[in-house]
Amino acid sequence: MSSINPCHLSPPFGDSRSRMGEEVAAAKVKSIFVYPIKSCRGISLSEAPLSSTGFRWDRQWVVVNSKGRACTQRVDPKLALVEVELPENAFSMGWKPNKSSHLVIRAPEMDELKVSLCTPPQTCDGVSVWEWSGSALDEGQEASEWFTHYLGKPSRLVRFNQDSEIRPVDPDYAPGHKVMFSDGYPFLLVSKGSLDSLNELLAEPVPINRFRPNILVDGCEPFSEDLWKEIQIGNLTFHGVKLCSRCKVPTINQENALSASEPTETLVKFRSGKVLIPSRKGQGKVYFGQNMVCEDLHEGKENLIRLEDPVYVMRVVTSYDDTLT
C-alpha cells in the first residue's frame, strides 16, 4: 500500500486556461450514471437529458418502510443488488412513456418485476426522505409484495409526485433548486483522478460505483473538482455548491452487498473535515466529490450531456473553507 501523498491536501485548481485565444478543457465526461430507484443500482449512459431535478429519471422512485421512511443501503444493503432497466428510448429528448413502457426490476432469487411508467392512480401519504415529507405515487400491491419479500419487512415502492410536491434543496447552498428522492442535490460529480489517487492507497482498489456519482470526469488532477465553483459542459452551466460528505455506502461492496471498513478508513486520513477544513464545523465528516446544480435549463434548448463532452472550468475558489459556503 502506498503512503499518503501530502500534495493531496492542496489540489490544484484544474481551471481552463487560454491557449492561442482558445479555451482548453480541464477534463472530459467519462461516465454518466442515473439511479432510477434510490439506493438501487444505477444505469450507465452515453448521453442523458437534464430536468429541473437532475438527470431525467434520477431517484424518481424510492422504497419505503411501514412508516413511510426511505429505505437505503445504509440500513438495507441488499438494495445494492437490485438492478433496474428502462426502455431503450427513455433517455431520448422528448420521449414519453406509453401503456407498454415499464421499469423492469431484477434481484437475486427474485422473479422479474415490471412497473408501468404510466402514472399510477393511487397515492401514499407520509413518505419521508430525511427532513422532507409529503405524498408520493404508490406503485401498487405487486411491487409492495416484491420488495417486502426481498427485504424481509413491509415495504412499498413509490414514485415522486411531481404534480403536487416540491422538494427543495438546502437554501443555504442552492436556493431555488429542487430534487426528487436524491439525498441532497441534483448532481454529484467526481473525477477519475480522485478515484485513482484513492485507489493507490488501498490494498484492494474500489470501483466508482461505491460513490454513486452522476458524472465522472477524466483528465484533471486528483481532487481538483473540489474547488470548481462554475463549469460548463456543452451549453450547460453547472455550479459547485458543496463538497459531498459521505455516509457508510462507500464501504458496501455493490456486487455482493457486504460491508467493510474501506475505503472510509483511508479517506479519514486525508479527506476528513479535520484535515480539509480544520477551522470549520463538520470535522468528523469525510468528503469525496462535489455536489452541483445546473443553472440554465431552458425549453427549446438541448439540455443534454454526452460522453466525451469537454468540461470547461470557468470559476474556482482558492481554499477548502470556501467549498462549504
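How many aromatic pairs does the count come to? In this predicted model, local features need pLDDT of at least 70 and side-chain atom pairs count only at pLDDT 80 or more, while totals for chains, interfaces and linings use all residues. Residues are numbered from 1 along each chain as its sequence is written, and side-chain values use heavy atoms, with hydrogens and water left out.

The count comes to twelve aromatic pairs, where rings of Phe, Tyr and Trp (its six-membered ring) pair if their centres lie within 6.5 Å, planes under 30 degrees apart being stacked, those over 60 edge-to-face and the rest tilted. One of these is the edge-to-face pair of Trp146 and Phe147, with 4.8 Å from centre to centre and 70 degrees between the planes. Phe223 and Phe288 also form an edge-to-face pair, at 6.0 Å and 85 degrees. Because Phe223 lies in the loop between β17 (215-218) and β18 (228-233) and Phe288 in strand β20 (residues 287-294), this pair ties together parts that are 65 residues apart in sequence; strands are DSSP runs (E, at least two residues), numbered from the N terminus.

Phe223 is buried, with a relative accessible area of 1%, and Phe288 is buried at 0%, where buried means under 20% relative accessible area, exposed over 50% and partly exposed in between (1.4 Å probe, protein chains only). Trp61, found in strand β7 (residues 61-64), likewise counts as buried, at 0% relative accessibility. The C-alpha atoms of Trp61 and Met180 are separated by 8.3 Å, although these residues are 119 residues apart along the chain.

How values were computed
Helix = DSSP H or I, 4+ residues; strand = E, 2+ residues; numbered from the N terminus.
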